[in-house]
There are 2 protein chains.
Amino acid sequence: MRIAVDAMGGDFTPATSLEAVVEALDMYPDVEILYVGHKEKLAYYMEKMRVKESDRLKIVHAETVVEMGEPSTTAIKSKKNSSITVCATLVAQKMADGVVSPGHTGAAVAASKVRMRMVPGVDRPCIGSIMPNVTGKWILADAGGNTDCTPLNLAQFAVMGELYAQYGLGIKNPRIGLLSVGGEDAKGNELTKATFKILSKMPINFIGNVEGHDTFMGGCDVVVCDGFVGNVLLKSAESLAMATFQWINKAFRKNALRLTGALLAKDAFREIKAVSNFEEYGGAPLLGLNGLCIIGHGSSTPKAIRNAIRVANEFAIANVPEQISKRIYECGIEKEVYAEKWAPMLEKTGGL
Amino acid sequence: MRIAVDAMGGDFTPATSLEAVVEALDMYPDVEILYVGHKEKLAYYMEKMRVKESDRLKIVHAETVVEMGEPSTTAIKSKKNSSITVCATLVAQKMADGVVSPGHTGAAVAASKVRMRMVPGVDRPCIGSIMPNVTGKWILADAGGNTDCTPLNLAQFAVMGELYAQYGLGIKNPRIGLLSVGGEDAKGNELTKATFKILSKMPINFIGNVEGHDTFMGGCDVVVCDGFVGNVLLKSAESLAMATFQWINKAFRKNALRLTGALLAKDAFREIKAVSNFEEYGGAPLLGLNGLCIIGHGSSTPKAIRNAIRVANEFAIANVPEQISKRIYECGIEKEVYAEKWAPMLEKTGGL
């Protein structure tokens, strides 16, 4: 499989992604890399790090880059020759099987949507994110791709989350929950109440409404929500994890006894930090596209980017995009039938 | 000040709230308590714990109780003689200055809205919740009172949060942020984009959009959002805090060295647990009502209930409800002018 890696996006120089690319080529023998960015800059880093172009590693030139502070639409308006747009175009033209970008999430979403488009049946793509809980891992869908959603979007995110849990976490029949303000069926806002009615009728393992308490404490494999809520959940959890380590640090430095305790248990802290460091999980796929795009955190480490390349490779082999399309039709929630099949039911029962 | 305490709500027996009441009477000499619940049950616990009625402690009979699993509307439909509804009625009839309920949040909101009604200018009440960050504390508004909100609601929550930060945290000029998916002005969903325009024109210390990363890591004193998002944020954070302690527990039990370290630093853990135990913060006020209602967690400890009684007393003395009404008019966001003053501007600029 051939993966296009956006070398220019993110908070770091191409040195970071190049380290990841070299490792990936070594660890995954069936992977080829198209390394996308300004050719002179990339050549500079490759020479510096003594990496040579080969059958499995080729530079593809992209004149510009969408900077982290720029609006998402820059990728498809003023900077059509940016590294992320070139990456998405390579997939659209079947020159690559997937994209990995450790850069601007919004720009990656915009470029991928416009260049790759959706698979048949899908209305909008969703960002799937792997999160930890006390017994293992769970999928947050949508983790921030869409700020305003319809019940159809959420129903489709449930299917995309289901497939991500199957291919990404190896869970055969994932338990899918709808994120709400309480576990009872009637709880929720207008959007989730309407979505609940659709999910209840789909051939999936729908366990009903779940609430915030059910996320990190376990019990649910896929948590479905709109991208606004998902983004807030993800970022506030990251923020609480960081704050907790600051509180721990402060509390342990208060006296010599505690400090000694902390030193003895040093690797325990390292372990816990690894669990709650969501950024290390190897990037979040943009699901529902006619192609693959794995988005990394702007401050992705080489390990995180290498993991993202692995995920892109695995998803390309399993042809996850086609699986999603197939499953959307199986569940009868393709966008073409929504107005006719679902909307009247929702209207009749007072939903959206 | 006279505070009505709902003795029947919550996960525990009246013994828990009675312990809190006895402590409160001892610690706050200006407080009187109306202890509301089934008189025979309360008499039983009072005799058992050797507590007597007095000038400052009177039993008020309520025939029933809204159980934790029942719908919120039970409080105002089938169980109008429930403890929470009797409490709210006491305030409406000026027989009490505030309510403290460690019970069913939805029932407390429903009973308070119907019996006490809003202060002039306010459209809907909001639950304010005190949360920790690395430098101190912040207010989440709305923490779960309203699942579907308008821009007017959110603008009013900003004012209620401002006053809660002033009276509850002692912050003179609180920094107010609008919870969104990024810090840039243009980021958000339809609701927050429209709300942003109103907040920008209000005489408050509006610092613009904030995101999940800004919550527990600090930088903002009042975080404004709809109650669906607030509820998810609050509960998922509680869930992550609980999960983190399980991860810590597991990691520290892996070998003798780590266990020794943990034992040496035992009180450090107790300190961190206290910071991240949101439930201990003494209840969440329902703001914007023509009266006071402080809602505790269903599993509130005596200390949490006692704190809630203290807060109710302080807010009654400061007359927070009237302050809120005054400030809503000062900011020009009373519900009566919304359609005429704000809605046309939002329409013109593409907002809600």
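Helix H8 of chain A passes helix H8 of chain B in a right-handed crossing, that is, the near helix is turned clockwise from the far one by less than a right angle. Helices (H or I, at least four residues) and strands (E, at least two) are DSSP runs, numbered from the N terminus. The structure is a predicted model, in which local features need pLDDT of at least 70 and side-chain atom pairs count only at pLDDT 80 or more, while totals for chains, interfaces and linings use all residues. Residues are numbered from 1 along each chain as its sequence is written, and chains are lettered from A and ligands numbered from 1 in the order in which they are written.

H8(A) and H8(B), residues 227–252, pack at an angle of about 40° with their axes 9 Å apart; axes are lines fitted to C-alpha atoms, for helices over the stretch in contact, and angles run from 0 to 180 degrees between N-to-C directions. Residues making this contact include Val229(A), Leu233(A) and Leu240(A) of H8(A), and Val229(B), Leu233(B) and Leu240(B) of H8(B). Two residues are in contact if their C-beta atoms, placed from the backbone, lie within 7 Å. By class, the contact of the two helices has 12 nonpolar, 4 polar and no charged residues. Ala, Val, Leu, Ile, Met, Phe, Trp, Tyr, Cys and Pro count as nonpolar, Asp, Glu, Lys and Arg as charged, and the others, Gly among them, as polar.

The contact between the chains takes 52 residues from chain A and 52 residues from chain B. On the side of chain A that touches chain B, H8(A) gives the largest share, 21 residues.

In chain A, the domain assignment (automatic or from a database) gives domain 1 (1–116) and domain 2 (123–280 + 320–352). Their C-alpha centres lie 28 Å apart. Arg306(A) is placed in helix H11, residues 302–317. Arg306(A) counts as buried because it has 25 C-beta neighbours inside 10 Å, the cut-off being 20 or more other C-beta atoms, placed from the backbone, within 10 Å of its own. Leaving aside neighbours within four places in sequence, Arg306(A) is in contact with Ala20(A), Glu23(A) and Ala24(A).

Chain B holds an open sheet of 11 strands with mixed pairing, in the order S3-S2-S1-S4-S11-S10-S5-S6-S9-S7-S8. Two strands pair if DSSP finds at least two bridges between them. The edge strands, S3 (57–61) and S8 (206–210) of chain B, each pair on one side only. Strands S5(B) and S10(B) pair in the antiparallel sense over 2 bridges, and Ile127(B) stands opposite Leu286(B) in S10(B).

Definitions and conventions
A residue is buried if 20 or more other C-beta atoms lie within 10 Å of its own, exposed if 12 or fewer, and partly exposed in between; C-beta atoms are placed from the backbone.
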